[in-house]
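Please look through the structure below. The paragraphs after it go from single side chains to the protein as a whole.

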Amino acid sequence: VPISNATTVNPSNTTINPSNTTVVPTTTIMTTPKPPTPPPKPPKGHYNVKNAKGQVCLLADMGLQFKVNYTKTDKRKNTAVFNLPKTANCTGSCGTDHSNLTLMFYGDTFSVSFEFVKAVKGTGASHFHVSTLEISYTEVPVLFPGTANPNARRRVSKNPVSMFSGDLDKSYKCNANVTTTVTKDVAIITSQMQLQPFGIKSGKFASPEECSEDSSGDKSVPVIIGVVIAAVVVLVFVAYIVINKRKQGSNYRTLN
């Protein structure tokens, strides 16, 4: 194909005189990539399981966050953090001594399952707790950026485990963030939780039993209150001494 508008350069004798040239080293500015934005606080969802008669037999309110370690294509480790959507699909079953709650989300490619059992304390009182925890997830690139195993299915479980323990005639309640390690690479964080796997009456929670994380509370508040009270007492005492000395000085001048 001919090249149009071509320019012909005639050769000429050109002499290049050497010169002293100083090469200035360039400085490369390294930019640190911004860390990924953490997901917002997990929303509180309301879930229930019904028996064959259509009666609510298990209630659960909770916010749930997952932290999963995975390997990227560059062989580095990273952590995926994602929340349980409050629109998760809820399934389960209720029995005399065993109950189950399964929450599925993201097109049912993710799920978390809690197995509840009844047990007897050393005091002879009956209580319930989670005996088995199972999590299934898929390393989708949206939640696992740069994963070396895109769309790989994973399943982890922990058994035995003792979580969310409460008296049988009560519900378990815990507003605090509680972290449970499932494996060395998977952990869940529960918050704003209230659940009852047995003995539901009229579709409502029984009176709550507070978790230890909530009952311990913020110990700094009583300390601050105590300091304020002590400061007020000291100020009143100092004011009393000052006023009393002024009265004594006034009486002394009157006598003279």
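F82 is buried, with a relative accessible area of 3%. In this predicted model, F66 is buried too, at a relative accessible area of 1%. The structure holds 12 aromatic pairs, and F66 and F82 form one that is stacked, with 5.2 Å centre to centre and 15° between the planes. Because F66 lies in strand β2 (residues 56-71) and F82 in strand β3 (residues 77-83), the pair ties together parts that are 16 residues apart in sequence.

A tilted pair is formed by F114 and F164, because their ring centres are 6.1 Å apart and their planes stand at 55°. This pair links distant parts of the chain, with F114 in strand β6 (residues 110-120) and F164 in strand β9 (residues 163-167), 50 residues apart. F114 and F164 are both buried.

F66 and F82 also belong to one aromatic cluster, whose members include Y70, F105 and Y137. Elsewhere, K118 lies over the face of F198, at 5.1 Å from the ring centre.

T180 is found in strand β11 (residues 178-181). Its relative accessibility is 10%, so T180 counts as buried, the cut-off being under 20%. Leaving aside residues up to four places away in sequence, T180 touches L133, M163, A187 and I188.

Now the whole protein. It has two helices and 13 strands. Of its 256 residues, 30% are buried. Among contacts with a separation of 6 or more, 53% are between residues 24 or more positions apart. The protein exposes about 17,500 Å², of which carbon and sulfur atoms supply 55%.

Note on methods
Residues are numbered from 1 along each chain as its sequence is written. This is a predicted model: local features need pLDDT of at least 70, side-chain atom pairs count only at pLDDT 80 or more; totals for chains, interfaces and linings use all residues. Side-chain values use heavy atoms; hydrogens and water are left out. Helices (H or I, at least four residues) and strands (E, at least two) are DSSP runs, numbered from the N terminus. Buried means under 20% relative accessible area, exposed over 50%, partly exposed in between (1.4 Å probe, protein chains only). Contact means heavy atoms within 4.5 Å. Accessible areas come from the Shrake-Rupley method with a 1.4 Å probe; for residues, only the protein chains shown count as cover. Rings of Phe, Tyr and Trp (its six-membered ring) pair if their centres lie within 6.5 Å; planes under 30 degrees apart count as stacked, over 60 as edge-to-face and the rest as tilted. A charge sits over a ring if NZ of Lys or CZ of Arg is within 6 Å of the ring centre and within 35 degrees of the ring normal.
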